[in-house]
Every structure is written in C-alpha cells, then in structure tokens.
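This report describes selected features of one protein model. Please keep the sequence and the structure in view while reading.

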Amino acid sequence: MYSVKTSSGTEFTITNLTRYEHPGIWKGSTLNIRLEEIPEKYRSSQRPHTLLAIAQIDGETENGEAKYSKLGTVSQQSVIDYKLKPGMITQGATLVELKPELRESQIKLLFQEAYAVAENFYNLIPEDQKLPAAAATWNISASRQDELEQGDNSSLNSRKKVSNFVFATFGKEIVSQLDELQFSQLKVLGIGKEGDNFVGREWNPQEKYSIEIQASRYPPGHERHNSRLVFVKDNDEKYKEFAVLEQRTGQLAIGTQAQAYIKPGESYTATATINLPSQPPINITIREISKFSHAGKTFNGEPVTLAIGNVAVPIDTAKIKLAGQTLGELDNDSIQELRKINYLANGNPLQIKLKSIGDSQHEGGFIIAESPHGNLLKINKINVYDFKGQVFTGEEYKSVSLEVPTSKNRDAVFLNGELLGVLHYKKDKEALQNLGVLKHGQQGSVNCTLQSNFSHTFINIEPSTLQYPQIWTKEAQAFQNNSQSNTVTKQEVMVEKSGLLLEKIKERPTILFTSQEDKVLGLIGIAVDNHKTELVQNWFKSKNIEFNVLSPQDVLLETKKGLSVIYLVSSTIPSDDFDALKAKFGEPLSADGKNSAYSQSLNSLPNRPYIIGEKLAKVQELATTTIPVIVTPNLSNNNPPQQTIVVPENLQTVSAVSQVLPADNTIVSKPEEKDVVISGKPVQMVFPLKMHDEPNPLPVSTTIEAMRGYGRCHTTRTYEPYKAYGFKEGDIAIAVSSSQQVAFRVGKQYRITPEMSADPTYQQQWGAMEKHSSRELSTFRNKPEVWGLHTEPLGDYVNGKIVPFPSAKLEQSLVTPPIPPPLSTAIPLASVITSPVNIGSRSSDPLGAAMTNPTVKAKELGKIQGEYPVSFRDNAAVTAGKYGPETYTQDKPAGVPFVSAEQAYQHYKTTVPLGEPRIQLIAEIIQAKLEPTFRRY
C-alpha cells in the first residue's frame with residue numbers, strides 16, 4: 001500500500017496496488033492524482049472501496065500528454081477522515097511510505113496480540129476498581145463532538161481518539177451499565193428563544209410531563225439546526241417543541257418517549273429593567289450571580305432597589321508562575337484540591353513536571369502538572385499567557401509558584417446590602433453613567449425590576465417510562481444533512497457542468513416596445529428576463545434614467561414567459577444610451593393591438609418552467625384573484641341596492657377600502673380557497689405579543705394571531721431570514737405556531753442597525769408593524785446582528801390551500817374612522833350592479849375607472865368623461881411634472897383641490913413612513929374623494 005502526502009500536508013492511504021499493476025508503483029516519488037468513483041456494481045463486502053486513485057507518476061507522458069493510469073483504491077478510513085469525493089485532484093503529492101499489505105493471517109495474529117494486551121491490562125486492575133477504570137479509559141479513548149469541533153485540523157489529528165480498546169477490555173462492565181438508564185438527567189438549552197412553544201410556562205417540579213425526542217428541521221444557520229429537540233405534550237395532547245438537548249448531555253435516540261420532571265437550571269445572570277417616563281426601557285445585564293450572596297434565588301420581575309459601585313470583589317482564580325512569567329490558570333477542580341490541604345495561598349511554591357496536552361497555540365490545549373507524590377493538577381488557558389505555543393515534555397521537575405489574588409476592583413451590584421453580581425457590558429456601564437448611578441469612587445442606587453435569565457433547564461427522566469423507537473433513525477438521515485456524503489452522484493456532476501449552458505438556454509431575450517399611448521405619455525417599455533430585473537434597474541439608476549417596474553399581476557403574459565416589464569421616461573434617457581439599447585436589442589417593437597409585433601414576439605417564447613408538476617397559472621391566480629366585496633347600505637328600503645366591487649385580495653387594501661365606507665354597511669368577503677406553491681422552511685411564530693405593561697389594543701395576544709387580520713406585517717430575527725429559511729422576496733411562505741399555519745408573501749429583508757433601534761420614529765413604525773410595544777425593540781440591543789423582514793399575510797394555510805381569514809377577524813380588525821356621511825343616493829335605488837367591477841384606470845366599466853385613484857390617467861385613456869378633483873387637507877401647491885402613473889401639464893396653486901386622488905397621495909406620501917401609516921393616508925384620501933356627491937359619469 002502507498003502512504004501519500006499532498007502538498008497541503010494531508011496524508012492518506014492507497015491500497016490494492018498489485019491489483020491494478022501500475023508500472024511505476026515501485027519507483028515513483030512524485031504523483032499527480034485524481035479520484036474517480038468505483039461503480040456500485042463493482043463493490044462488495046470484501047471490496048467495499050468507493051474511490052479509485054488514477055495517477056501520473058514522476059511526470060510520465062505519452063504522445064506529449066500526461067499519462068494517467070489506475071493506481072489503487074483509496075482506503076475507507078482516508079475517505080472518512082478527509083471527506084474525499086470523486087473529482088478531487090492533487091498535484092505534486094509525495095510518496096511517504098510503500099509497504100506490503102497485510103495478509104489475512106497477519107491481521108488475525110495482530111488482533112490476537114491486541115486482545116492479549118487488553119486482557120493483561122484488565123487483569124492487573126483490582127475488582128473493585130474495574131468500573132472506575134473503565135470510566136477513566138472511556139474518557140481518554142472516546143472523543144466528544146465539541147472536542148472535534150475545536151481547533152484546527154492538525155491539532156485534531158494529533159489528538160485523534162479510538163474507542164476500540166475500551167470495548168475490547170471492559171465489555172462486561174459496559175454491558176452491565178446498559179441494564180439501567182445512565183442519562184436520566186438531560187440538560188436542555190434555548191429556553192425562551194425561537195422554537196420554544198412554552199415561553200413563560202411555569203413547570204410544576206412535582207408533576208411528570210410526557211416528552212419525545214425529535215430531530216431538528218431548522219435550516220443551516222439557525223441555532224437549532226442539526227440538533228436533537230425535546231418536545232413536550234401540551235394540554236391539547238399534542239407534542240410541541242420546547243428546547244434543544246445540550247451537546248454534552250445524554251443523547252437519546254430520535255423518537256424516544258418518556259415521562260419526565262422539568263426543573264429550571266441555575267440562573268447565572270439577571271436583567272434589571274429601568275423604566276423612565278417618556279423613554280424606552282433600559283435593560284442592564286447582571287452577571288455571575290451564582291458566585292455571590294444571592295446564588296440560587298429566582299427573580300420574577302419584582303421591583304427592587306439596587307446599589308451600584310466600583311468595589312473590591314472576591315475572585316476564585318489561581319495562576320501558575322514560571323520564572324516570573326505566567327504559565328496559565330489552574331482549573332476549578334485543581335483549586336479545590338489545593339484548598340482541601342490548605343495550600344491555596346499567594347506565593348506558595350510547587351515542584352512539578354509539566355506535560356503539554358493538545359495544541360498550546362490555540363484554545364483547547366492544556367498542561368498536566370505532576371508532583372513528586374504523583375498528585376496531578378490541570379493548567380488551562382496556556383494559549384493566552386507568556387508560554388503560548390511552547391511544548392513541555394514532562395521529563396524534569398520545574399519550580400513554579402502560585403499567584404492567588406484575593407479580590408479585584410469591579411463594577412458590582414448589591415441587593416439588600418449583599419453582593420448580587422457584576423457588570424460586564426460596556427453599554428450597560430455607559431447607560432448607568434449617563435443616569436448618574438455609576439460614579440467613580442461613589443455608590444449610587446436605582447429602582448428597577450429584576451428578572452432571572454434561565455439559559456438551560458433539566459429534564460429528569462423516569463427510567464421505568466422510557467420507550468425507545470421500534471426503528472432507530474440514523475442521525476444523518478434524521479437531520480437530512482448531506483454534508484457528510486462521501487460521493488457525488490453523476491446527476492450532480494452533470495448539473496454542475498451544464499449549469500452555465502442551461503442558464504443560457506433558459507435566458508429570455510430583452511425586447512424594447514412602445515405603443516401610441518406610450519408615445520403620448522412619453523414612455524418606452526422594455527421587457528427583460530426576470531432573473532435580471534435587479535441588475536437592469538441598477539444600470540438605469542447609474543444612468544439617472546427614471547423608470548417604473550410593473551407588478552407581475554399587471555403583465556400576466558410577460559410573467560408567464562419569464563419577463564419583467566419596465567417603463568422608462570423617454571426624456572431621461574441620454575441619446576447615446578438609447579442608441580446603445582437599440583443597437584443591442586433592436587428597434588422598439590409596436591405594441592398596438594393584440595396582433596402587434598410585440599405580442600407576436602412574446603407568444604413565440606416558451607413559458608418559463610416554474611416547479612415540476614405545478615402550473616404557473618396557480619401562482620398567477622393567487623396573485624390576481626379578487627374578492628367580491630358586497631357593500632349593502634343600511635337604508636330603510638326593504639330592497640336595498642347591492643354593489644359588488646372587486647378589490648385585490650390583499651388584506652391591507654381591503655382594510656383601507658373598508659375604512660372609507662360608512663360604519664353601518666355590511667362587508668362580506670367571499671371565502672375562496674387557492675392552491676399555492678410554498679417556498680423555503682416554515683417560520684416559527686410562537687411568541688406572545690410583548691406589551692411591556694402597555695395596553696394591548698388588539699383582541700388577540702400572540703404574534704401569529706396578530707397576522708390573521710390584525711395588521712402584523714413584520715418580523716424581527718437575529719439572523720438573515722432569506723438565508724436561514726431559503727426563500728426570497730415575492731415567495732409565499734408559511735408561519736407556524738403549535739396548531740396554526742398562516743401563509744404570507746415574503747417582503748424585503750434589511751439590517752436593523754443600532755442607530756435605527758435608537759431612532760424614536762423607527763421605534764414607533766416598528767411597533768406598528770410588529771404589534772408589540774415599541775419598547776420590545778430595545779431587547780435586541782445586545783444581539784450581534786438584527787434583521788427585519790416585511791411580510792404580507794394572505795390567509796390560513798389549510799390542507800395545502802390558502803383560505804381567507806374568517807370574516808369576523810376582518811371586521812374586528814378594521815379601525816373605524818369618524819363616521820362619514822352615507823353614500824350618495826344619486827345612484828338610483830333600483831340600480832343593482834350584479835357583475836364584478838374592476839377598479840383601475842384601464843377598467844372597461846366607467847364606475848371602475850372613476851373609483852380608481854389616478855382618474856387623470858383614466859380620462860386620458862378615454863375611460864371616463866369627467867374629472868374627479870379631491871379636496872384634501874391644506875390642498876398644497878404642486879408643480880407640473882410626472883408623479884407616479886400621472887403627468888400634470890400645469891402647476892396646481894395652493895388652496896385649489898387636487899386634480900385626482902393620485903396627485904394628493906403622491907404629494908403627501910413622503911410625509912409618513914411605509915406600512916400602516918401609509919395605508920391610513922390612502923384611506924383618508926379615498927374617504928375625501930367619496931364624501932362628496934357622486935357625479936354621473
């Protein structure tokens with residue numbers, strides 16, 4: 001077999017050399033190697049190898065080209081250790097060792113010798129010490145997962161552990177421990193974080209709860225990704241997600257069920273909340289509570305008075321000094337051992353041998369110190385002091401001394417005259433200094449509420465109730481994690497190689513077009529591949545070209561073909577750039593009529609594939625479906641007129657339109673179920689609305705209920721939502737709680753900076769979108785990154801369909817403005833409009849064109865005859881120009897009504913933030929438009 005070392009230092013083994021008879025195996029020194037997959041049909045239990053090494057030895061050529069021949073199989077252990085895959089290539093590898101492969105008889109002999117060594121070791125141990133010896137041998141033979149994840153690769157290899165010896169030696173002791181559950185107490189983390197369906201639940205320590213171990217389904221990047229989760233059966237008899245099994249606690253099989261007691265872990269920190277008039281709350285973190293006078297106490301938001309000052313605080317640290325320099329710090333167990341013999345004192349000398357374990361250059365390395373009497377001490381943090389990187393072999397005794405400071409001046413917090421904890425974060429100290437509480441050389445006091453922070457909880461399992469799953473699931477299968485896969489399928493290779501070609505084939509052409517109407521309006525259209533929309537917009541911005549991207553539901557045919565439509569303002573396009581566009585994409589095609597050159601060009605394109613097995617029409621139907629809203633005035637007539645007005649199925653729009661209708665009208669929305677394509681991972685929406693003692697104006701108390709018709713259109717996360725959940729803007733995703741699922745359209749994501757969090761205007765806007773108190777935003781202050789995500793709730797997600805929220809929710813959610821006058825009776829009472837009316841400037845029905853906001857545009861298109869000015873607020877002056885979809889040729893003087901509702905909206909929209917304030921503005925403008933008597937059209 002060959003032992004080969006790559007240029008990067010990786011050393012792996014190639015076996016079965018004689019089988020492939022490479023001519024250069026006996027004389028080679030330098031190798032260029034590529035790995036190929038061995039087809040499954042050629043593998044067997046005797047020949048399980050998955051990779052074949054193809055090699056060029058010592059630069060051998062044939063006909064002027066590098067000559068590669070089959071060299072041998074890659075050892076299974078090398079494949080696992082280095083995650084080797086087909087297609088990998090190494091250049092300039094060197095031969096480290098060439099040795100004959102072991103024969104079957106040699107292997108058996110070595111195993112016999114190994115078992116003999118294990119038996120002799122076992123027999124030397126006294127009977128009453130065998131179980132402790134087995135535990136100690138296990139500890140040094142088996143690697144923990146967190147050990148494997150620390151340090152660099154070289155240090156991992158040097159500390160690689162193999163547990164075969166402990167199984168061979170202590171088999172009887174291991175089996176004896178299997179009679180009883182060895183991990184009856186499980187430590188769980190993530191309390192109160194996303195995924196915890198029991199936030200605020202107080203567990204009865206005397207009550208047993210039903211639990212189940214399940215596999216995480218969270219995406220990469222989420223803190224619960226690739227973890228075992230504890231689910232607890234709730235009062236509705238359903239198992240709901242609770243917490244994450246800590247990495248070093250007992251790891252029960254996925255699917256295991258049991259009865260268990262749930263008890264809070266020790267609180268190491270507490271949050272002091274200072275409430276000041278007309279200011280957001282100030283949260284201060286108090287640390288190391290478990291070390292001082294109030295250790296073990298639980299605080300539940302009670303009001304307290306804290307004293308704060310810089311004082312001497314006892315510390316429990318002992319350093320080892322060697323030749324006047326610091327070697328490291330004794331671990332806690334070693335400190336306790338010295339304390340037992342009353343030797344833990346500053347300056348006490350020690351004679352010890354020093355033996356380095358692991359990598360002293362990086363975190364994780366340590367030193368074992370041995371006294372002349374065989375007593376051992378452990379010295380940690382050697383990578384942060386004076387001897388970083390130095391290796392000690394333990395061959396001779398060295399003189400060292402103890403450095404044991406008794407106290408250290410720290411910013412400390414006192415409760416009832418006793419030390420509670422210490423301050424750590426700079427922002428907390430600055431906040432207290434600004435309040436005048438933390439002063440140099442003085443002790444201040446502050447009134448606040450105190451809340452313990454529990455980062456972990458203990459699950460104490462009743463062993464007699466334990467039920468293992470009938471079929472055990474491998475971890476890699478449960479977590480659906482393919483990162484450990486050792487092979488790449490042919491399909492994956494083909495897709496990777498053909499990616500650029502497929503992208504080119506699927507690319508849509510860019511088309512310039514214009515119609516007579518566009519020419520009158522001074523516009524020119526451009527249809528571009530919808531994968532390039534953002535790129536094209538950036539180019540227009542760089543050229544200062546004014547443009548407007550049409551919504552996909554406004555251009556159904558183009559959307560179906562995979563195109564986005566952008567309208568450009570002709571007057572803003574530089575002539576050189578326009579010539580360049582025409583040179584690259586051709587002259588603008590005529591878009592007049594159904595059989596225009598532009599229409600023919602569109603129809604010649606294939607539809608863009610969406611998702612295999614799904615029709616794009618379903619998505620388009622979702623985007624364009626309208627809800628007939630029946631408006632029934634409350635008239636004394638026994639046969640009141642009914643007007644069926646079609647509005648887009650967008651709850652915010654429905655809400656805005658509803659606000660302008662009289663309060664004594666009945667709004668009835670027709671429930672419609674729609675199939676939908678769901679993107680990405682479900683988003684957990686399990687928290688209550690956090691009001692911080694402010695009144696809750698909504699009749700609901702949870703975040704997911706607030707999405708169901710009560711205006712919640714934003715969520716805040718401590719990680720990037722697009723990346724974590726696998727969706728993008730415009731996708732439809734699912735928000736989930738224990739028993740509810742809400743479909744929503746994904747909006748823009750953005751970073752919430754500390755400056756934004758401190759801005760009172762943004763705080764109010766955030767609270768309006770989230771439905772939390774705006775004070776809740778301050779709880780994200782300490783997070784390394786904070787992201788906001790806009791959402792548009794669409795309806796309940798039931799059996800694969802989106803179902804409109806119950807009408808009762810809609811009615812309750814409407815914020816009723818001051819009651820306006822009833823709708824005009826100028827429309828004859830006998831008139832009944834039974835067919836839906838599409839509202840828009842291009843509507844074929846004059847009523848729909850008159851009810852739209854841009855009525856100037858509707859008149860230009862010949863859809864209405866009259867004008868519909870709107871008197872709104874102070875009727876501010878507006879200069880001539882293009883505003884949104886409308887162009888105004890004359891200046892509007894102050895005091896004169898706006899020529900359309902659109903002109904009023906375009907003027908005032910910049911005075912309010914996005915979200916509900918903007919929707920409220922629209923509602924007020926529409927109300928101002930509808931209050932006067934309707935004129936006949």
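Isoleucine 33 stands opposite threonine 90 in β8. The model is a predicted one. The strand β3 (residues 30-37) is joined to β8 by four bridges, and the two are antiparallel. Strand β8 (residues 89-98) also runs antiparallel to strand β1 (residues 2-5), again with four bridges. In that pairing, serine 3 has glutamate 97 of β8 as its bridge partner.

## Salt bridges

Side chains of opposite charge can pair when their charged atoms come close. Across the whole structure, a search finds 30 salt bridges. One of them joins lysine 381 and glutamate 329, whose closest N and O atoms are 3.6 Å apart. Lysine 381 is located in the loop between β21 (376-380) and β22 (393-403), while glutamate 329 is in strand β18 (residues 325-330), so this pair ties together parts that are 52 residues apart in sequence. Which partner is buried? Glutamate 329 counts as buried because its relative accessibility is 14%, under the 20% cut-off. Lysine 381, by contrast, is partly exposed at a relative accessible area of 45%.

Another salt bridge links lysine 582 and aspartate 579, with an N to O distance of 3.9 Å. Both residues are in helix α16 (residues 575-585), three residues apart, which is about one turn of the helix. Lysine 582 is partly exposed, with a relative accessible area of 22%, and aspartate 579 is partly exposed with a value of 45%.

Glutamate 288 and lysine 291 also form a salt bridge, their closest N and O atoms lying 3.5 Å apart. Lysine 291 is classed as exposed because its relative accessibility is 61%.

Which residues of helix α10 (residues 426-434) are buried? They are Asp428, Ala431 and Leu432. Viewed down the axis of α10, the buried residues fall within an arc of 95 degrees, so they line one face of the helix. Lys426 and Asn434 are exposed on the other side of α10.

## A nonpolar surface patch

Val117, Phe121 and Phe165 make up a nonpolar surface patch of about 250 Å². Valine 117 is placed in helix α3 (residues 104-123). Is valine 117 buried or exposed? Valine 117 is exposed because its relative accessible area is 53%, and the cut-off for exposed residues is over 50%.

Terms used
Residues are numbered from 1 along each chain as its sequence is written. This is a predicted model: local features need pLDDT of at least 70, side-chain atom pairs count only at pLDDT 80 or more; totals for chains, interfaces and linings use all residues. Side-chain values use heavy atoms; hydrogens and water are left out. Patches are made of residues with over 30% relative accessible area and no salt bridge: like charges are joined within 9 Å, nonpolar side chains (Val, Leu, Ile, Met, Phe, Trp, Tyr) within 5 Å. Accessible areas come from the Shrake-Rupley method with a 1.4 Å probe; for residues, only the protein chains shown count as cover. A salt bridge is a side-chain nitrogen of Lys or Arg within 4 Å of a carboxyl oxygen of Asp or Glu. Buried means under 20% relative accessible area, exposed over 50%, partly exposed in between (1.4 Å probe, protein chains only). Two strands pair if DSSP finds at least two bridges between them. The arc is that of the directions from the helix axis to the C-beta atoms.
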